Amino acid sequence: MHFGNQSYFINMKKNSLITYIRTKRLLFVKCGILLIGSTLILAFAWAAGLVGGRTTTQTFLKDTPSTFPAGYRRAHGKGICFEGNFRASGRGVPFSVARVFAQQIVPAVGRFSLGSPDPYAPDNSTRTVSMALMLTADDGEQWRMKLNNEPFFATRDAEGFLKQMEAYKPNPATGTPDLARVEAFLKEYPEAKKYVKWDATAPWTRSFAGAQYNVINSFILIDENGKKQPIRWSMRPHEPFTSWSVSQRKQASHDVLFDDLKKRLQKGPLYWDLVLTLADSVDPVNDPSQLWPASRTEIVAGTLEVSQVFDQADGGCRDVNFDPTRVPNGIILSDDPVLLARAGIYSHSHNSRVREIGYGKATDAVGKHQNDNRKNK
Amino acid sequence: MARQRKTPSGPPAHFNITARILHWLMAAIILAMIFVGLGMMTSLTWRPWLLDLHIPLGIAILLLVVIRLINRLSFTVPKLPASMSGFQSKAAGTLHWLLYAMMLALPLTGWAQLSAGGFLIKLFPGINLPSILPQSPFLYALLHDAHSVMAWLLFLMVVGHLSAALLHAWAYRDGIFSSITWGRKN
């Protein structure tokens, strides 16, 4: 009986396998537990960004040089703290329940800064100037924001920023960026051409006071009925915009912008209007590289008064993380990927520099000039 | 029924119902919390909502662990089997108390860290917890480091605790695992 014979052997084999598993049960149980444990540890390592090589918010701070002076911000290192207040006009109230739109006077702490990461950069070395701001309303809610004089972001997402940095890195042999790499980047992120053109042609500001600062990212206002209105906003200066010729700029002194700001504030406060731009349903809310049409409704929600500045080494704004995702009740975040990425990136920058300050490693950044260490200069 | 009976015959076979519910509820929350925390520190897009989840979950853990400690100290717990060596039962006891300490310390350092960093402690939209420390770079740095080191340690302890528990459940079958479940001792 050929067939019967075969099934007999199969049964034999099956039985012996079961017996085998039974005798080695402990071994299998232990292997199983080991497997469960290592899977958990692997999942942990992946989530922590230790394995898998995915882009994390830490990746954005990888380029910080090891010689970077302790205690300074990883981006926009050179800056000055300011104090002032925000006076709401009340015109924001129909759109948002945030207390800052209704409160008469809201105290403001902020910072003006240069776009360069180098805290010792000459003021004529970059066209990018920024305003960071934190408004604290009387209900305790904080509105932190970060605004640039650039009208839009170069790329549609945060990864694009990394790729842009990579593509424009000067080739060590020639000292200029590799054309092929720049072209490859512009092919992947065609919207960046708009930024490149703006960067090449728009006039440089000659003063912090006359610059308009734009939030670039999109947010959503929530009114008392829960209705949502996507917005962007700008700080529009009361002072006129002023620029200069390339030769004037090149001859300017090292701290020309900061000196100008201090001089102006000795004469009196400076003002910016908080201008909310209301998005239409067709406007790209999730793409900071795209401007909304100039015809969109604008609302002056209030006026920021900057009354005095003081050295960032003395504290005040020094330890503040101007993370723009920390918005008050009545404002929520949009799905703008660049905005969401800022949360983690700002947090790492804040953690590392406050750590240096807290553990006493910072020198110049906290005004300890005796151990002045200008390695990065 | 799993109702605890206090009989003169000796310690119970199970932890009381409160302990069992709290154990499994907190196990799920803590494991989720560890990954929420890691995601917050790495994700390009999820940090804001993960942070909004991290704070209320952390406060939930803090409240639950207080109830758990009171319950743990107020009722008799099952005895470890006689088959365990003195060293083993001491190690198990120490690990359990260390786990409780972590469950208390992590939410507290998180809360204190946000306070020392000058951040709002957003429990729910529009509802913030009070700051428990003055703003200070030193305290912020210290608490931030402590919070992350302890989170990593807690994760390793959880993996160790789970492995040991499964070993008791599947290999030794000595009633240790069933004392925290609804099952009978094998």
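Two residues are in contact if their C-beta atoms, placed from the backbone, lie within 7 Å. The legends below describe a predicted model.

Figure 1. The secondary structure of chain B consists of 4 helices and 2 strands. Followed along the sequence, these elements of chain B occur in the pattern α-α-α-β-β-α. Taken along the principal axes, the C-alpha atoms of chain B fill a box of roughly 55 × 30 × 30 Å. Chain B has 186 residues, of which 27% count as buried. When contacts in chain B between residues at least 6 apart in sequence are considered, 64% of them join residues at least 24 apart.

Figure 2. Although B:R173 is a residue other than glycine, its phi is positive, near 50 degrees. B:R173 counts as exposed because 12 C-beta neighbours lie inside 10 Å, and a residue is exposed if this number is 12 or fewer.

Figure 3. The phi of A:H76 is positive, about 55 degrees, although A:H76 is not a glycine. A:H76 counts as buried because it has 26 C-beta neighbours inside 10 Å, the cut-off for a buried residue being 20 or more.

**Figure 4. Domains of chain A.** The domain assignment of chain A gives domain 1, with bounds 2–47, and domain 2, which is made of 76–156 and 191–336. Taken over C-alpha atoms, the centres of domain 1 of chain A and domain 2 of chain A are separated by 63 Å.

**Figure 5. Contact between chain A and chain B.** Chain A contributes 35 residues to the contact, and chain B contributes 29 residues. On the side of chain A that touches chain B, α2 (25–47) and α8 (337–358) of chain A each supply at least two residues. Sorted by class, this side of chain A holds 19 nonpolar, 13 polar and 3 charged residues. The size of an interface is often given as the accessible area lost when the parts come together; the view here is described by residue counts, with 35 residues from chain A and 29 residues from chain B.

Note on methods:
Residues numbered from 1 in each chain as written. Chains lettered and ligands numbered in written order. Predicted model: local features only at pLDDT ≥ 70, side-chain atom pairs only at ≥ 80, totals over all residues. Nonpolar A, V, L, I, M, F, W, Y, C, P; charged D, E, K, R; others polar. Domains from an automatic or database assignment.
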